[in-house]
Structure formats: C-alpha cells, structure tokens
Amino acid sequence: MDMKPAFLSTLLLGLVACGGHHKEPTAVGKTPAGGTWTDSASLYPVARHQERDVHTLDEALVNPKASPVAITNVTIMTAAGETIADGSIVMQGGSITALGKNISIPPSARVIDGKGRFVTPGIIDTHSHIGVYSSPGTSATSDGNEAVAPTTPYARARYGYWAQDPQITRARAGGVTTALILPGSANLIGGRGYTTIMRPGGVASDHTFPGAPATLKMACGENPKRVYGEKGGPQTRMGLYAAFRAAYQKAAEYNVAQKKYEEAYATWKDKRSASSSEAEAAPEPPARDLGMETLAAVLRGEILVQVHCYRADDIRQLVEVSDEYGFDIRSFHHAIEAYKVRDLLVEHDISISTWTEWWGFKMEAMDGIQENAALMTDSGGRAIIHSDSPVDIQHLNQEAAKGMYAGRAAGIPVSEDQALRWITANAAWALGIDSVTGTLEAGKRADVVLWSGHPFSVYSLADVVIQGGEVGFERSKGRTKTDFELGNSAGASR
Amino acid sequence: MKTTLPLLVLACVVSVSSVTAAQVAAPKTVAITGATLRTDKGAQEGITVVIKNGKIAALGKGVKVPAGATIIDGTGKTLTPGLIAAGTGLGLVEINAVGYTNEGRFGDAKPVHASFRVTDGYNPNSIVIDVARNGGITSTISTPRGGLIAGQSAWMTMGAGSVEDNTVDDSAALHVTLGRSAGGVGDGSRGRALQTLRALFDDAQHFGKNRSAYDRGQTRPYGAGHLDLEVLLAVLKGDLPMVVNVDRKSDIAAVLKFAKQYRIRVILTGATEAWMLADEIAAAKVPVMLNPKSNLPSSFDQVHVVDDSATRLANAGVEVIISPLGDASSARTLRQLAGLAVAHGLTWEQAFASITTIPAKVFGAKRGTLKTGEAADLVLWNGDPLELSSHAEAIFIGGIQQSMENHQTLLRKRYR
C-alpha cells in the first residue's frame, strides 16, 4: 500500500488548485513605530487541544479501586492463541498479574471457584449506540444522529451519551466490558466516537476508556442517501463520493494552511529572538474550524476511522478515497459484502466489524452470509463481530459462535481462539486499545468474564464481569439499576 | 380452512447433503434409521421413522424399513419435528426497507383490516423462506401488521410449491394491536383504541342479528364493512382466536377483561409485562407469544421487563410460544431464542414445546409432533437443535426433502 506519496501529491494539488481561495496565513502588517512584538497566537483559543485526551493507555492498567481477585480451577480462553485447562487467573490493582496452572494466589485475594466454568477476556463491541439512543426511546434522549448536515465532523458521541441508560447494565451482564459508542449513520461524516467502559452511573466522562485513541464515524450507502436525498443531497452514491472528497480536500487545505502558519510563526519567533529588526506583530493563525480539526487529524493519522459500509463497491470506493487523501481506514462496519473484496481489505490491513445473523433487511444487506467473518479470517484478515444493537450486544459470544460454526460447516477452518478474537482482541485493535486489553495475558488490563459454561454455548451466561479489576456484575447479585430504573423497573433485578 | 399437501414428482434422493434445488423431490418412501428422537416429551434413542406419501408411516424402535425405501442413516443424529415460527413476516417481507416488497404492513391511514388474509399476497418463492427453513423451521404463522386490526395470519408450511401446497390454515388468527402502538385510532390514547375495538365488536354482533336489514341498507352505520364484521363475528363465535399485541401490565389487564366480557379467545403477543399477571393469565387460559431476547425497557410500556418472563409465565401454567416476533430475515434464530430461554430457566422440554407443540395446539394445526399418520414435517440435526454448534442436515416438509441451497449458500460457494 503506497499512501504517503499519494498524500503528498494531494497536498501539492491542494496548494496549486486552491492558492487563491483560502485565507493565506500571511503576517499582518508591521506595528507602528515603537510597538512591541505582540504574540497574536496566544490570543486565540487553542481549539485543537480542547479534546486532547490527557490520559495515556498505560493508565488503563492501573485502578486503585480494584481489590485483588482470583478465579481458580477454570478453563482460561486467552484469545492469545492459548487455552489453559484447570488454570487460575489473578488480578490486582487493575491488571492481570498472573495466569496459568499452579500459580500462587495472593492471600488477600477474593477467590472465585471457577470449576466447570470458563474465563475469557471482556467482550468489546466496536459498534454500539447505547447511551446515545437510550431505553426507553424518546425524542428527548435521541442523541445519536446530528442529522442537520451531511458532514458534522465536529460532533462527538461522548456529548450525547447518557450514562443512566438501562441498556448499559444489560450489555455488561452479557460480558461486554468496553464499547465504541458511535454517532449514527445518517451523516457521511457523523463525528467522533466514544470509547467507553461499559459501566452505568455518573456521567459519560466518568467512563472514558483511559487513553483510547480518537475515532471517527463515517457512513456510505443507503442511510445518508435516504436522510439527505430529500434534504438537499447528497441523493445518490455519486453525490456521496463527491462529498467525501470535498470534505477531505478541505481538510488537506486546512492542514496546509496550518503548516504554512506554523512556518511563518517560527520565522517570526526567530526574528523576535534576534530582535534585529523593527518590532512586528506575529502572523495570524488561520481560523479554527472544529470539524476541520478532526478531519485534519484524520489526515495526520491521529484518528482511527470507522466506516459504515455494506456493499463491496462502497467498500472499494471508500478505500480509493482514503488512498487518494492518504488516510487509513481502521474498520469497515457492517461490511456485509466484505467477503467479496477480502483480498483488498487484507492488503490494506482494514478490519471488518460485521454480524453473523443480520442480512436482508435492506437492499445493501441482501448478500449477507453467516460465513463473512470466517472467510475474512481464513484469508488472513481481521474480522470482528459487532452488534449495532442493544439486544445483540448482550449475546456477542453467541453471534461469534454461530459465525464459527457456520464457517466450519462450510469447510472454512476457524479455531475457538480465532472466533473469540472476533469479539475481543480484534475489536480492541479496531479501537486502538489492543496493547492493554482484548486478551488474557499477564500485564493486560483486568477485563475478564467468567461464564457459566462454554462461552460458545447457547445455554451459557456471564456469571461475573470484571472491568479494570473491579467486579462490575455478578449474576448472583443481579444487575445494578440505573437512576432511571429506581422505582421504575421490575422488583427483582434479574 | 385446511388443505392437504399434494404429492409432487418423484425421484431418488441419494444422500442427506447432496440435495440441490433441481433434485428436490419426494421419494415414495424414505426411512431415517437409528436416530435419537427429541421432542418436548424427552429423548429416545435408536428410532427409525418411515416417511411415505407425505406422512409418517411408522415411527419407533425396531421399525422395519420397507423394501425399496431410500435410507438415511440417522445414527448419532437428532430427529425432531419441524420447528414452528409463529408471528413472523415470512412470505410477506422480502426486504424490510424496500416498501413495495412488504405485504400486509399497514400504516395508520386505515385502522381496520379484519378481512385481510395474508394468503392472498403470500410469496412462497421468497428467498427469505429458504434461509429461514435451514434453521429447521418447517411452518410459519405469517402475520400482518399495522393499524388497530391488521388482518388474519395464516399457518403456512415452508416447502417448495405453491401457496395452496403450503397452506395449512389460511385464517389462523386475527391480529390486533392495542396500547400505545395501536395504529390509526385514538391519537395515541389507549382508551380510545379499546373503545374503537369495543364499538366494532358491538357492530359485529348487531350485524350478525340484522343481516337482511343490512342488505336492505336499513341498519345503523357500522365502523367497518361487512367482510370485516364477518371476521369479528367469527372471533365472537370462538371460531378464530384474536392475537393482541400489547406490552404494559395495565393494557394486558384491559385485554383480559375485554376477552372475558366478549367471551373471545385471545393470545397475547409481545406482552413484556405479562409475567406480572402470570397467575391471572394462566387462570384465563390465555397463551402468550414472546421473544426471550427482548429484555430492554424500550418504551414506557416495557419498563418492568425481565430476562426470564418465559420461565415465569410457563411455571405459572401459561402456554408460552417463543417467537422472533415479526421479523422475517432473522426468523432462523428461532431455535437460539428457545435456547436462550433455557439459559434463563426454562427446561429444554418446555422451550422445545414453545416452538413446536404449543403453537400447534394454540393455533389448531396438526403439526409440532411426530406421529404415525400425520404430516412428515421433520428435521434431522447433527446435535442438540437448540445448540449453536448444531445445524439441520435434512429437512422434510410434507414428506418431501427440501433443498438446503439458498441465496446465501450460493453466494458463499461463489466467493469461497
């Protein structure tokens, strides 16, 4: 894949084509005689830093609230290529400190006997609208689609996320420890996603996965066509691709303007240090555009791009757009027809976040097959089973199982470890958090699920869900109730 | 109305897995030998079933295989009756989002469609049927939706052939939606919806007693035409059950009261909060149709939702039907839904009954069991039919082995 030259030529094209159109970051005129070296840069709000996550992924490995827990006599499915029978896993201070056979259990640890049961990494869903489309559904809590314009890169799912959504507790009781909450697919560019610890209560900011990289939701195909077809367009796929290119063209120019400004500013600073000439005002920075900040960051490779796409041609064409503008797509979501272009996806190292069961509910979903993930895996690609549903997020283990068994029935070899990775390690990769979670290994974050039986059995349920070393859910104690559910839910919390 | 399945052209089926669309046919006699029979009554090993003329000719241990019969070795495999997917859009919905491929999906413009029968627009060649059938489903109760009264569902088998070939009952039940979702009446007021329904039943009673006056144009105005009123009369006479889609406890209580007042047979569907009235529902002998996956307080009518309402209802003595409820493309998940109910406390046998014998009993069709002399709708599985690791290996409907090939298997083969 040869992206960087394409990116450079795009930048040059941008310079040539657009020199007269955008605001040049030229230095303003000299100040009157006797003036000072006014640093105008300091007068502008630093919008680009507004949302910079001050956390690092390492912080996801530390949790002072976590007391030591050990699960013993249990089958450990690591999602890292290994299954350990009759093993134990020890979690302390937020991370996994030891796992295997014959390991010593710290005397301070709460010991859960896992006899006959199974342990897996916490499930990670790459595609959820929990919290932005809450239960009960009301227009008042419909915060997932900023469907006012085809591109709203300035929008952020975190600001729509309601941490009291009763769906959160149910997802967690299904073994989900982390999810990417995405804006909906009404818009071509819907805004930034929100990588959250699946944990109820408080407010969204309490549950941000520490240090998770920024993500961006894009969408092609039927949904934006339907939403904007009668709202001024784009109305067709022709219009969609023109709009994608227009957005990234603008972002490329935005980056150029910023770069030119930074150069001019550096020159000005040099001059000021030298004080060899008459005082002059600093060059004015280009106007900040919060949406462009996000797209420009995509072009700089700082944001993991998540694209809702069903059809093979949409997938291919989005890859072309990304190649032209020099950015990487991290995951195609839904990707119903990914199996038709899996070589392209493998070559570009783009994952797919897909379903096992969903198909046929709209034209672009007609060719869904249960073996999509298995075929992708068989070709050396990175498959993920996602939910896009507050119901199916509770059964992702079963959706992965069905995909594995369907593959095997069709003669496509898929190991249990590979299928488990579809809902753990591979999902962590798509979110850029695989260095700290997604597998069971010493030193990884203690995101762990204890299942009542084999996680690929229809009869199994998550018995204990541990997040960053804290026991978040225990079936024997029932689910936590969100604020909404107090006095407004079944008496028993089952 | 009941129809019988005609015999189709005959040819020899060689093995379980080699059946393709072109080969689908009904050998005169097929024997599946040595299988484990699993039903809601338990498991029996070493069972042989003989299928002849579309029916089960013999079933049991030590059953003699007739000379010339095509033999399928069922050793190590599980034999069950075909599964019954009640309350789906199979044969009615091709692609949900493509409006014109939807049949019997009414908007709110007109509230009463009582005389509507899905069989008039049922598409037995739907690719969705082929996909769902591979989930071991041999029958669907295909159901209209929308308005206050959506119309009549039909019990359809899912075999190759015409609408007539597959119609078991073209008027299985009348479908009504009350509560907040009642379409086309009440301006969102549930009381107004129930009042409209009451007025319609009163009209039907009046119409039944004044037919000749109606024909002379000498009756008071009715809320619906005579075809619709005839159907409501059938409900009032107890000839046709009325399926009521409702979620909130208070709405369910109102339906029970209504049913008692008019002495009609009702079946609750959706019924999120039915578990709160489990004893009353059991006492009224009202069956409940539900989807065990639905555990979200999706609306204010569903805030008291629980994970195990199937278990709570069944253990109170309610006849529970497990259903994907309305979906066509994911109807094949029926057996998984039953398995989920087991995870939440139902016994395997209760769960299996809820997708076989209970819908058969509630909707009055001779399906859901394997009995000598009855239609040979059966499935041979490579394991526990409710388990994710299992799949159907052979499916017979009316004694005819069905093709396992469909849109999806063909795509997979093309792109493998």
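1. Exposure of B:D108. In this predicted model, B:D108 counts as exposed, because 12 other C-beta atoms lie within 10 Å of its own, and a residue with 12 or fewer is called exposed. The residue sits in the loop of chain B between strand β6 (83-88) and helix α1 (127-133).

2. Neighbours of B:D108. Leaving aside residues up to four places away in sequence, B:D108 touches B:G147, B:G183 and B:G184. With B:G184 the separation along the chain is 76 residues, yet the C-alpha atoms of B:D108 and B:G184 are separated by 4.1 Å.

3. Domains of chain B. The domain assignment gives domain 1 of chain B as residues 1-81 together with 369-416, and domain 2 of chain B as residues 83-367. When you look for these two domains in the structure, bear in mind that their C-alpha centres lie 29 Å apart. The contact between them takes 31 residues from domain 1 of chain B and 34 residues from domain 2 of chain B.

4. The domain 1 side of that contact. On the side of domain 1 of chain B that touches domain 2 of chain B, at least two residues each are supplied by β14 (378-381), β15 (392-397) and α12 (407-415) of chain B, and the largest share, three residues, comes from β15(B). Sorted by kind, the residues of this side divide into 17 nonpolar, nine polar and five charged.

5. The contact between the chains. Chain B gives 35 residues to its contact with chain A, and chain A gives 39 residues. On the side of chain B that touches chain A, the elements giving two or more residues are α9 (334-343) and α12 of chain B, with the largest share, five residues, coming from α9(B). The residues of this side of chain B comprise 17 nonpolar, 13 polar and five charged.

6. A helix pair in chain A. How are helix α4 (residues 237-274) and helix α6 (residues 312-325) of chain A placed relative to each other? They pack at an angle of about 20 degrees, with their axes 10 Å apart; since angles under 35 degrees count as roughly parallel, α4(A) and α6(A) are therefore roughly parallel to each other. The crossing of α4(A) and α6(A) is right-handed.

7. Residues between these helices. From α4(A) the contact is made by A:Y241, A:F244, A:R245, A:Y248 and A:A252, and from α6(A) by A:Q317, A:V321 and A:Y325. The residues of this contact of α4(A) with α6(A) divide into six nonpolar, one polar and one charged.

Key
Residues numbered from 1 in each chain as written. Chains lettered and ligands numbered in written order. Predicted model: local features only at pLDDT ≥ 70, side-chain atom pairs only at ≥ 80, totals over all residues. Domains from an automatic or database assignment. Contact = placed C-beta atoms within 7 Å. Helix = DSSP H or I, 4+ residues; strand = E, 2+ residues; numbered from the N terminus. Nonpolar A, V, L, I, M, F, W, Y, C, P; charged D, E, K, R; others polar. Axes fitted to C-alpha atoms, helices over the stretch in contact; angles between N-to-C directions. Parallel < 35°, antiparallel > 145°, perpendicular 65-115°, else oblique. Left-handed = near helix turned anticlockwise from the far one by under 90°. Buried ≥ 20, exposed ≤ 12 C-beta atoms within 10 Å, placed from the backbone.
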